Amino acid sequence: MPQYTAPLRDINFVLKEVLNSDKHFASLATREEVSEDLMDAIISEGAKFAENVLSPLNQVGDQQGCTWSESGVKTPEGFKEAYQQFAEGGWPSMTASPQFGGQGLPNSLGLVVTEMVSSACWSWGMYTGLSQSAARLLEVYASDELQETYLEKMTSGVWGGTMCLTESHCGSDLGLLRTKADMNADGSYNVTGTKIFISGGEHDMMENIIHLVLARVEGAPSGTKGISLFVVPKFLPDENGEVGERNGVHCGSIEHKMGIKASATCVMNFDSAKGFLVGEENRGLNAMFHMMNSARLGTALQGLSAGEASFQGALEYARDRLQMRSLSGPKNPDGPADPLIVHADVRRMLLTQKAFAEGSRAFIYWVAQLVDTFYFSGDEEARRDAEELSELLTPIAKAFVTETGLESANYGMQVYGGHGFISEWGMEQIVRDLRISTLYEGTTGIQALDLLGRKVMGSGGKQLMIFTKIIHQFCKDQKEKPGMAPFVEKLAVLNAEWGDITGKLGEKAMSNADEVGAASVDYLMYSGYVSLAYMWARMVSVALDGDADDAFLKAKIQTAQFYYQRLLPRTESHKLAMLNGAESVMAMPEASFAF
Amino acid sequence: MPEYKVPLRDMQFVLHEVFKAENLWQTMPAMEDVNRELADAILEEGAKINESLVAPLSQPGHEEGVKWTDGVVTTPKGYPEAFRQLAEGGWGGLSGAPEYGGQTMPKMLVLLFEEMLYSSNIAMGLYLTLTSGAALAIDSHATDELKTKYLPNMYSGKWAGAMCLTESHAGTDLGMIRTKAEPLADGSYSITGTKIFITGGDQDLTENIIHLVLAKLPDAPAGSKGISLFLVPKMKVNEDGSVGENNGVHCGSIEHKMGINASATCVMNFDGAQGYLVGEINRGLQGMFTMMNYERLSVGIQGLSAAEAAYQWSSIYARERIQSRAPSGPVNSAGAADPIVVHPDVRRMLLTQKAYVEAGRAFAVYVGKQLDESKFGSGDVKGKAEGMVELLTPIAKAFLTDKGLEGTVAGQQVFGGHGYVREWGMEQLVRDVRISQIYEGTNGIQALDLMGRKIAANGGQNLNVLIAEMREFAASASSVSGMDEFLGPLRDAVDNLESLAEFVLAQAQAGDANAIGSASVEFLHVMGFTLYTYMWAMMTRTVLSGESQLGDAFGQAKIHTARFFIQRLLPQAKGLSESIRNGSASLMDIPEEAFA
């Protein structure tokens, strides 16, 4: 099993040099100040925790998995203790509002810690990640009374949280959900129904679990317009705000899955459980969507963090494993063979991993800054732009980074040859754990529909134009800079082409409603490649300003060259495929799918 | 977990209508008894036993796995009985030599049986097909005495076979193996060493296991030129053919793996085990290579098989699962939502699977045809086929398995969250197929074999034969009405392939030692896409020329799927080609220490 080492140099390079975190933090009116010392301390302490406490739990967690019994769900050995340490260290409250005991730090800084936690042990990180997402939602949407009752405990991490959306007959289509909420005389509700695929629905790491449940109030309109959101605690708080009476919420079973075995995926039965309305009746999805954007960015992080962990494992093996001679002559003449890394195809796999991981890191960190700006900036115009742009980029980040992360994790396994298939080496676990990321929080297909249908077409192209203008300006500003031409010339061409493709698809969509869905995934992947091309060009520009002998900076430029020359050509394939239209996708009758 | 149904109709389409197998068999004396009726009977009986016996054991076998206790391997419940029934049905001897009890069926037919076997249960299938593979190597290289002693019991499935190549420090690089073979006075050898990753190295299905072991004689030259091949039975075989005492062959442990949990992957210890030379001293790898073309095609078929199962189950699920409305208006107004097959992106995933699977099946049979012609044909036909086998085998292995993973992942994706949950069976397909990209030479090794040994080493001679064949087909099929939309892309793809090969070879000749290695995997994929275009053109020609008797709807579906392949999948070759044309520098310039 590879030992995870936080890629601190790259993290710092992206945050400080590419994304100018000092200026960014200073622009956030309603967040606490972040000095460079504080930032460094957080990152280095977070790295230690991830490397020393969490990384050793990853394989054990996969082997033991969670166990269900009538009395609850038991997490693997060491999970609970690690969480106690985490909570005592104050990590859960990093980005929470100071009003409820949070530290009020920017999300883009919290995300760095989440990346490290995720690379080290994704399953473990889900418990705290989802809990903090639930708390953030309550900070925005819940009544004062609910906030006072729940947020302090959730912020400190003593209590956890979940999101309960899916039912067995409705996943992507939430309008079909059946869980019911009947109002009681005291203004609370009785919630009854069964939810499935609830991550962390039951476990032994925290003393209480606060479920956020979508349900229908009697008489609500059908479809998505009749869904309300409720807080349903596992234990009802007593008058002192401590854990009180057990509520009618029970875990019926847990799923046996391909991966993330240490994360409990629960069937949750709500049996007249007492619940409290969050926000207005029938407006539940609006609040949920709020949370979903941060959860989607968090899932994008899974693609990055698994890709990073897999890259680290593969690189170590490629340097150690001796097999065959280099085609350009022995590189290790004293040994029986050369290390794998001399072979061009092994390099191709490693560089693909490196290019996706580093490009995705820069991309996700940038989107996280946009989200910060939207929430916390004092500048209204900047807020609006950041909102539009982060809405556009979130589905790209979620789907593109997880899809390419899966490609990367498979390469990492492939570098190991037969050992990659063997559990003890840990590389296959990374693939199994990561595989869920293109499915949950809205599948890749759903993200792609959201991007092309709702965000691009839905805004009449406006959201896209905000981004293509930024890229256009960047190319203009950078084209004379020595060393930048090969990058910005290609980027400018793709940027213009992106707009053209969008226009053509828009025209087609006017006469055929299926064009959007038929083009969407190719469109999303195309968008992802261009977005990363932009991030890589930005990184090159910074690297060119630095010490020409710095090996790290040189590697940045070389990895960018690899990305532009060997991965970016994929845009051409996606373009041709989507412009070939919907007909070949839709023409075949349903009955002809099988004979 | 859904039931697997053998796609008999498509198999018959490919075998009889596209490749007109019966006409071909009539030209081969060794195949004179094989006709369409017999072939169909074999396919139908194969379908029965696989659907009813082998497939139902797949999921329980995955959950139960193989057990190892004190050197004894136990396969999951039901496996020994099922293996015995397969053996008694003669399914282990389909391609065996008749003088030792085999049935000498053509590969293009036998591989369709392998397809059903693997679609039903890869883990179970491996025990049978590895036995056939070992028997093939013995038949090709061993003495008559060894053949007489071992082959009949292997063809009958009474004994199984295993291939023992890899050692912990030597996988791809077999030249480094250390297992020793010391000559004994009676002409046999004493074999000592440890092999890893031995599929079916031990099991409880058969009373004996015949290992083919690569080892080095004490004075052998270093590297791959000093490797010999030995037959080492687990249990000694007495003069009368009965099984005697253990031969110093023991299973030290089994691996815990991502998938094929019901297949025993063994560490095998040979402790002065008695072995018998197969073929000549120091020519062991050659013996292995004969069999390897068959084995590599067989592994390729695992990719096809898993993708077929994934396609079947996801296309059923897509028609049953109700979720959201069609973009163009409800099609199931009475229901709460529409079946997900109405959504364009779900169709895209289904058609992607279908297009790869059906082209893959045609391609596998096409390669099987070359194997048959190279073995049973004569004259120019045989000569050309030998070149084609060499050229196409690495593509069959790597492209079919890469597309196999892609297909199973797409099938899993159609299921949404349920695809990740074990009871639905989709995640097992992904896990079981993943190894096929790795074993029998990783797909990176296949690509190097293709580009380096099969193309560059002979100046592109075999490639040119294939290119000429595809161009000839395009010319001859152009008279069939409606073929233009498929032949135009075929001609373009062939032109691109030709110029791309020229580009890479020119780089290599100009002294770039990494030109081949840095282009190889993407080149293999470009060639795979080109061949699939050729397969789709052949299939549509069969339909459009009225040569198919399988019905209008079946034929129409072929045309629709071909169109989808050409318009939505073939464009991938463009990006891959552009990447290759950007050269090797961006892979090689970065110093090793700068990777992290």
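Author: Here it is, and please keep in mind that this is a predicted model. A place to begin is Ile260(B), which is buried, because 29 other C-beta atoms lie within 10 Å and 20 or more are enough to count as buried.

Reader: Okay, and where does Ile260(B) lie?

Author: Ile260(B) lies in the loop of chain B between β10 (249–254) and β11 (265–278). Its phi is positive, about 35 degrees, although Ile260(B) is not a glycine.

Reader: Let's turn to helices. How do α3 and α6 of chain B pack?

Author: Helix α3 (residues 36–54) and helix α6 (residues 107–120) of chain B have axes 9 Å apart, and they pack at an angle of about 15 degrees. Angles under 35 degrees count as roughly parallel, and α3(B) and α6(B) are therefore described that way. Their crossing is right-handed.

Reader: Which residues of α3(B) and α6(B) meet there?

Author: From α3(B) there are Ala39(B), Ile42(B), Leu43(B), Gly46(B), Ala47(B), Asn50(B) and Val54(B), and these meet Leu109(B), Leu112(B), Phe113(B), Met116(B), Leu117(B) and Ser120(B) of α6(B). The residues of this contact of α3(B) with α6(B) comprise ten nonpolar, three polar and no charged.

Reader: And α1(B), at what angle does that pack with α3(B)?

Author: Helix α1 (residues 8–18) of chain B packs with α3(B) at an angle of about 155 degrees, and the two axes are 11 Å apart. Since angles over 145 degrees count as roughly antiparallel, that is the word for α1(B) and α3(B). The crossing of α1(B) and α3(B) is right-handed.

Reader: What does α1(B) bring to that contact with α3(B)?

Author: Leu8(B), Met11(B), Gln12(B), Leu15(B) and His16(B) of α1(B) meet Arg36(B), Ala39(B), Asp40(B), Leu43(B), Glu44(B) and Ala47(B) of α3(B). The contact of α1(B) with α3(B) has six nonpolar, two polar and three charged residues.

Reader: New topic: how many residues of helix α12 in chain B are buried?

Author: Nine of the nine residues of α12 (residues 426–434) of chain B are buried, so this helix is largely enclosed by the rest of the structure. Among them are Glu427(B), Arg431(B), Asp432(B) and Arg434(B). What covers the buried residues of α12(B) includes α4 (58–64), α7 (122–141), α9 (284–320) and α11 (379–414) of chain B.

Reader: Could we look at a residue of chain A now, say, where is Met154(A) found?

Author: Met154(A) is found in helix α8 (residues 144–156) of chain A, and it is buried, with 29 other C-beta atoms within 10 Å. Leaving aside neighbours within four places in sequence, Met154(A) is in contact with Ser131(A), Ala134(A), Ala135(A), Trp159(A), Gly161(A) and Ile210(A). Met154(A) and Ser93(A) are 61 residues apart in sequence, while their C-alpha atoms are 8.5 Å apart in space.

Reader: How many residues are in the largest nonpolar core?

Author: That core has 396 residues, and those with the most contacts inside it are Phe230(A), Ile364(A), Ala533(A), Phe230(B) and Met535(B). Helix α16 (residues 514–545) of chain A provides the largest share of this core, 19 residues. In soluble globular proteins, nonpolar side chains tend to be buried together.

Reader: Last one: how many residues does each chain give to the contact between A and B?

Author: Chain A gives 78 residues and chain B gives 77 residues. On the side of chain A that touches chain B, α17(A) gives the most, with nine residues. By class, that side of chain A has 36 nonpolar, 25 polar and 17 charged residues.

Technical notes. Residues are numbered from 1 along each chain as its sequence is written. Chains are lettered from A and ligands numbered from 1 in the order in which they are written. This is a predicted model: local features need pLDDT of at least 70, side-chain atom pairs count only at pLDDT 80 or more; totals for chains, interfaces and linings use all residues. Axes are lines fitted to C-alpha atoms, for helices over the stretch in contact, and angles run from 0 to 180 degrees between N-to-C directions. Helices (H or I, at least four residues) and strands (E, at least two) are DSSP runs, numbered from the N terminus. Angles under 35 degrees count as roughly parallel, over 145 as roughly antiparallel, 65 to 115 as roughly perpendicular and the rest as oblique. A crossing is left-handed if the near helix is turned anticlockwise from the far one by less than a right angle, and right-handed if clockwise. Two residues are in contact if their C-beta atoms, placed from the backbone, lie within 7 Å. Ala, Val, Leu, Ile, Met, Phe, Trp, Tyr, Cys and Pro count as nonpolar, Asp, Glu, Lys and Arg as charged, and the others, Gly among them, as polar. A nonpolar core is a set of buried Ala, Val, Leu, Ile, Met, Phe, Trp, Tyr and Cys residues joined through C-beta atoms within 7 Å. A residue is buried if 20 or more other C-beta atoms lie within 10 Å of its own, exposed if 12 or fewer, and partly exposed in between; C-beta atoms are placed from the backbone.
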